[in-house]
Amino acid sequence: MNLLSVENITKTFGARAIFNDLTFGVDQGQKVAIVAKNGSGKTTLLRCLIGLDQVDDGRIVFRNGIRVAFMEQTENLDETHSIMEEVFSHDLPELQAVKAYNIAMLSGDETLIGNSFEAITELNAWDTENKVHQILASLKLEDTTQLISNLSGGQKKRVALAKVLIGEPDFLILDEPTNHLDLDMIEWLEEYLSKSKSTILMVTHDRYFLEVVCDTILEMEDQTIYKYKGNFSYYLEKKAERQEQLGSTIDKARNTMRKELDWIRRQPKARGTKQKARVDSFQDLKAVASQRIDEDELEIPVKMERLGSKIVEIHKMNKAFGEKKIINDFSYVFKRKERVGIVGNNGTGKSTFLNMVQGFEPLDKGTVSVGDTIVFGYFNQEIIKVDEDKKVIDVIRDIAEFIPLEKGKTMSAANFLEKFLFPRAMHHNYVYKLSGGEKRRLKLMTILMKNPNFLILDEPTNDLDIFVMSVLEDYLRSFQGCLIVVSHDRYFMDKMVDHLFVFNGEGEIKDIFGNYTVYRQNIAQILKDEQKASNKKLIETPVVAVKEKEVEKRKLNFKEKVEFKNMDADLEKLENEKTILTEKLSDPSLSNKELIDAGNRLTDVMSELEKKTERWLELSEFAE
């Protein structure tokens with residue numbers, strides 16, 4: 001069943017065409033990802049689908065009666081709300097019913113309680129509140145009384161994500177859902193969406209996410225869209241085949257065009273003397289032959305400063321913020337061509353560590369000794385800080401008109417931009433017109449122009465498209481300097497690093513050999529072994545308990561005899577009260593308050609009965 005139909009839509013900004021005559025559909029149950037280069041209009045397309053932007057032409061139609069939810073890259077939350085208030089501000093009827101019931105219970109108004117009780121029962125929403133708490137806990141938002149205004153950017157992202165997931169929409173649209181999530185939460189979200197019954201349309205650059213969650217890939221290229229029915233691996237395979245076929249078609253067209261061009265030139269200039277059909281065919285042939293396949297090669301032939309024998313040496317590094325330990329007594333000596341990944345939950349001190357290594361943040365104790373030849377290149381999570389009204393080429397020219405390369409060569413600013421996939425047509429664009437990914441690519445350029453030999457990359461793949469990430473990986477593999485990477489992109493980490501610094505919290509940092517996948521496999525094995533040990537202990541415990549009881553005293557003392565003697569009467573009394581309370585709950589003449597009080601008391605009675613029964617069994621074993 002089709003849930004979304006997109007027919008011949010076109011969108012332009014001024015003279016720039018974002019997409020042209022796009023047509024595609026999404027069926028119920030599909031999990032679809034949109035991939036494209038930065039600046040191709042992925043986010044714009046999503047905003048058009050949801051009605052936040054308007055298309056110039058064409059139709060967008062959702063099936064009637066379905067619930068659609070959209071999570072944008074930038075959170076749109078009420079800063080005055082607490083986390084729980086923001087979650088319950090959802091227009092989902094079940095959530096509103098639970099919210100009304102909680103308010104009614106606090107008010108004590110019997111009429112309100114009765115009405116809200118009926119509303120929840122009618123909507124079958126009794127498990128909704130439990131589900132809310134489960135999702136918030138999984139996204140590490142346990143303190144739901146916190147105000148939105150006091151949250152970090154990552155926490156706000158998680159609240160926005162929780163809000164759309166809790167709603168269980170029929171059609172879920174997500175724009176970069178994994179940004180600002182730590183690795184544990186990304187893996188949880190991956191599993192959650194894989195099992196979700198919602199139809200999903202998302203934009204993400206997380207390649208493992210694309211591989212595991214998605215069953216359809218839509219690629220936006222050359223203002224049109226290509227559909228691949230499969231996951232990320234299938235898409236890469238079929239895209240390569242498509243480009244190979246297109247290349248063959250273009251080569252054939254060019255060979256034919258040479259012959260046709262020779263024929264055109266040999267004919268008399270008067271158009272009427274030529275075969276009109278053949279001339280028209282030539283124009284079509286020319287259009288095909290003029291195509292070019294964009295094979296993105298992010299060539300970065302920037303000169304790297306020479307590395308000396310001493311790189312960076314850390315001796316007994318300590319750092320704390322108040323009572324919170326960030327780093328405790330950590331030492332390490334970096335070697336040539338070191339490739340380290342850093343992983344850990346948000347707030348465990350990863351960015352603080354990077355700042356201390358570079359001297360931006362003071363140490364409480366210990367030293368960081370940096371070699372004389374070391375030139376740091378620090379690519380952090382902030383967007384490039386330049387005048388937004390500057391032209392792209394002027395940002396580069398302000399640093400240098402000519403960039404020094406290897407072997408004494410130089411390159412002009414314009415040529416340097418082209419190497420970073422900024423075509424000439426974009427050189428005179430203003431910075432404010434660039435997408436988030438294009439701004440980050442421009443920032444990477446400004447860093448590499450300084451010829452670093454020790455690169456520190458803090459979330460380098462955020463907002464970069466999969467094509468740029470792929471060529472950046474190619475460059476980093478050939479980089480001869482040292483590399484530290486902090487990233488939640490598991491695919492990127494697996495390809496880039498040889499070992500990991502794992503920030504476990506409370507100041508503990510472990511050095512683990514191997515990439516991220518090896519680390520997660522080790523963690524999974526440890527958890528598996530712990531579960532086995534726990535199960536084994538549970539099996540053995542009763543045997544031990546029996547042995548202990550066998551050596552216990554065989555007679556009751558005076559106090560226990562009195563307790564045991566009175567216990568029959570206590571149990572009988574509780575059983576009678578249980579019967580009376582059960583009958584009360586079936587009495588339609590009682591008020592809501594009386595019913596609630598009876599229900600609460602019955603819970604207490606049942607608990608007390610269970611405890612006293614267990615005690616009676618224990619004492620009866622030694623009674624004479």
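**A mixed sheet and the helices around it**

In this predicted model, helix H14 (residues 436-448) lies across S14 and strand S17 (454-458) and runs at about 170° to S14. Helices (H or I, at least four residues) and strands (E, at least two) are DSSP runs, numbered from the N terminus. Angles run from 0 to 180 degrees between N-to-C directions, with axes being lines fitted to C-alpha atoms, for helices over the stretch in contact. Helix H15 (residues 466-478) also packs on the sheet, where H15 touches S12, S17 and strand S18 (482-486); the direction of H15 makes about 150° with that of S17. Contact here means heavy atoms within 4.5 Å.

Now for the sheet itself. It is open and built from 6 strands, in the order S14-S17-S18-S12-S19-S20, with mixed pairing. Strand S14 (376-379) and strand S20 (508-513) sit at the edges, each pairing on one side only. From one strand to the next, the twist averages 15°. Strand S12 (residues 339-344) and strand S19 (residues 499-505) run parallel and are joined by 5 bridges; two strands pair if DSSP finds at least two bridges between them. Val 340, for instance, has His 499 in S19 as its bridge partner.

Elsewhere, helix H3 (residues 93-107) packs against helix H5 (residues 128-138) at an angle of about 100°, and their axes are 9 Å apart. H3 and H5 are therefore roughly perpendicular to each other, a label that covers 65 to 115 degrees. On the H3 side, the contact is made by Glu 94, Leu 95, Val 98 and Asn 102; H5 brings in Thr 128, Glu 129 and Val 132.

Helix H7 (residues 183-195) has 13 residues, which at 1.5 Å a residue should span 18 Å; the expected span is 1.5 Å times one less than the number of residues. The end C-alpha atoms of H7 are 19 Å apart, which agrees. Among the buried residues of H7 are Leu 183, Trp 188, Leu 189 and Glu 190. Buried means under 20% relative accessible area (1.4 Å probe, protein chains only).

Stepping back, the protein comes to 19 helices and 20 strands, and 43% of its 624 residues are buried. Of the contacts with a separation of 6 or more, 67% come from residues 24 or more positions apart.

Residues are numbered from 1 along each chain as its sequence is written, and side-chain values use heavy atoms, leaving out hydrogens and water. Because this is a predicted model, local features need pLDDT of at least 70 and side-chain atom pairs count only at pLDDT 80 or more, while totals for chains, interfaces and linings use all residues.

Definitions and conventions
Buried < 20%, exposed > 50% of the residue type's maximum accessible area, 1.4 Å probe, protein only. Parallel < 35°, antiparallel > 145°, perpendicular 65-115°, else oblique.
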